[in-house]
Amino acid sequence: MSQHAVSFAGVEKTYRRPRLLGASYHTAIKDLSFEIPAGEVTGLLGLNGAGKTTIMKLICGLLFPDAGRVKVFGHSPSGSEAKSKVGFLPELPYFPPQVRPSQALEYYGRLSGLSGAGLGAAVEAAMRKTGLEPHAGKRVSEFSKGMLQRLGLAQALLHSPDLLILDEPVSGLDPLAIHDIRQLLAAISAEGRTIFLSSHSISEVEKLAGRVLIMVRGRLERTVRRAEWEAAPGGLEAIFVEAVR
Amino acid sequence: MRKTLPVVWAVAANSFMENVRNRFFTLFAVFAFAAIYASVLAGVMAVDQEARVLSDFGLALMELTALAYALFNASSVLLREAETKTIYLVFSRPVPRWAYLAGKLAGSLLTSALMLAVMGLMHLLLLKLRGFGVPPAYAWALVGSLLKLGVITSFAYFVSLFSTSAVSTLVISGIFWTAGHFAAETRFLAEQSAGAKSLALKAAIWLIPNLQLFNARDAAGAAAALAPAAFLSAAAWTAGSYLGALWLISRKEF
């Protein structure tokens, strides 16, 4: 396994929006270089429009960089070698309301190359891990926001990925759901998997991550280690505010 | 390839189930029943040609209903998957884009085939109630409609990947479908005209499929099987549109 789960080298991404006459351009990230060490929890903080979601989509191969190089476990993120090692939870994932959680998971399991008894076992394990087992008989339309987020996490965990990419995993959840998701992520991290999560909640990132990247207007402003923010007066919040101002 | 075929099938089966569960599918089914029943009234007014009118009118309504659903579905499905971020969960997995597109297309065609089969059953039941048997070339007419739906659905997928909205895809595909039924007339006009007009019409002949090839009951005697050219043309147009759509989706970012 590569020492780094993810590496960015001089990456640039510009969005082009077609207009009636010509187009407008917006640079989301510029000359971005960083590494995510394998087996660690790394947080990503930044204000709206700082480039957090762009980074996550580049890692998942949903966007292609305009310049620079992105590697996931040493492979191109567009290839199946990298994708088979990645589990992605987008912000507010959608599932068809008429299906039961196991049906949704079976579909995504098949897309991840699982089949037969292996698929059944993976669905069962993902539902158990995310606490969805008691709700197995319900339809997605009956799910609360917290349960939908658990289902989102379950689909990301199905194929036992080495790297979990989580975009705002606790966005809009109630305190109990946040607590449960945090416990779950801590347990996944204890299994030695790499977690890369973005959040607007500094306290959540502070509790989970061992290292935090702070993005400001598409550039990496600071990389902070746990020891640094634990020693700093005001903790991670003070470091973040200082960095983005 | 052996690893990817189950993925194609998974996408197709999921797409088919989602289509069937969609409330618009139920609405179309109710509308189809009402429309086919309306053909009974038209048949009664035709007096001694009741059987012919009842069968032709019913078949035409079935094709139009299936077309409306197929176009509605094909023009909105990729857009909807992108808007709901469902596509993120698919393309962040080792799913080749060609497999996803082939699965979606197969799911749409399976839905169209189911719609035609159910409507055909309703239609035959009504014919039986009026005391008529199965019209000549009936199965071929349904196969022809399905081939047409294959051509138009894959074209709508292709258009939906560069058009700005589902409505514009519907309009462009609708024009394509209508123009495809006037291929013979276009050819005649191209032969009659000269200069730039002739060139434009000759280009249109190559850019628009001849959908009249798929009308089995238009053939002399109204009992002919579809010609091999119809199958070849359907395969060529469907494959052409699929490849065009694949070229676009391979470059698309989400």
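## Pairing and numbering

Two strands count as paired if DSSP finds at least two bridges between them. Strands (E, at least two residues) and helices (H or I, at least four) are DSSP runs, numbered from the N terminus.

This is a predicted model, where local features need pLDDT of at least 70, side-chain atom pairs count only at pLDDT 80 or more, and totals for chains, interfaces and linings use all residues. Residues are numbered from 1 along each chain as its sequence is written, while chains are lettered from A and ligands numbered from 1 in the order in which they are written.

## The open sheet

Let's start with chain A, where three strands make an open, antiparallel sheet in the order 2-1-4. Strand 2 (23–37) and strand 4 (67–72) of chain A each have a single partner strand, so one side of each lacks a neighbour in the sheet. From one strand to the next, the twist averages 25 degrees.

Strand 1 (residues 4–18) of chain A is held to strand 2 of chain A by 11 bridges. Within strand 2 of chain A, P37(A) is the residue opposite H4(A).

## The helix across it

Helix 1 (residues 52–60) of chain A lies across strand 1, strand 2 and strand 4 of chain A, at about 115 degrees to strand 1 of chain A. Such angles run from 0 to 180 degrees between N-to-C directions, with axes fitted to C-alpha atoms, for helices over the stretch in contact (C-beta atoms, placed from the backbone, within 7 Å).

## Strands 3, 8 and 9

Strand 3 (residues 41–46) and strand 8 (residues 211–216) of chain A run parallel, joined by five bridges; here L45(A) faces I214(A). Strand 8 of chain A also pairs antiparallel with strand 9 (residues 219–225) of chain A through six bridges, with V216(A) opposite R219(A). Their hairpin has two residues between the strands, and R217(A) takes a positive phi near 45 degrees.

Note on methods. Contact = placed C-beta atoms within 7 Å.
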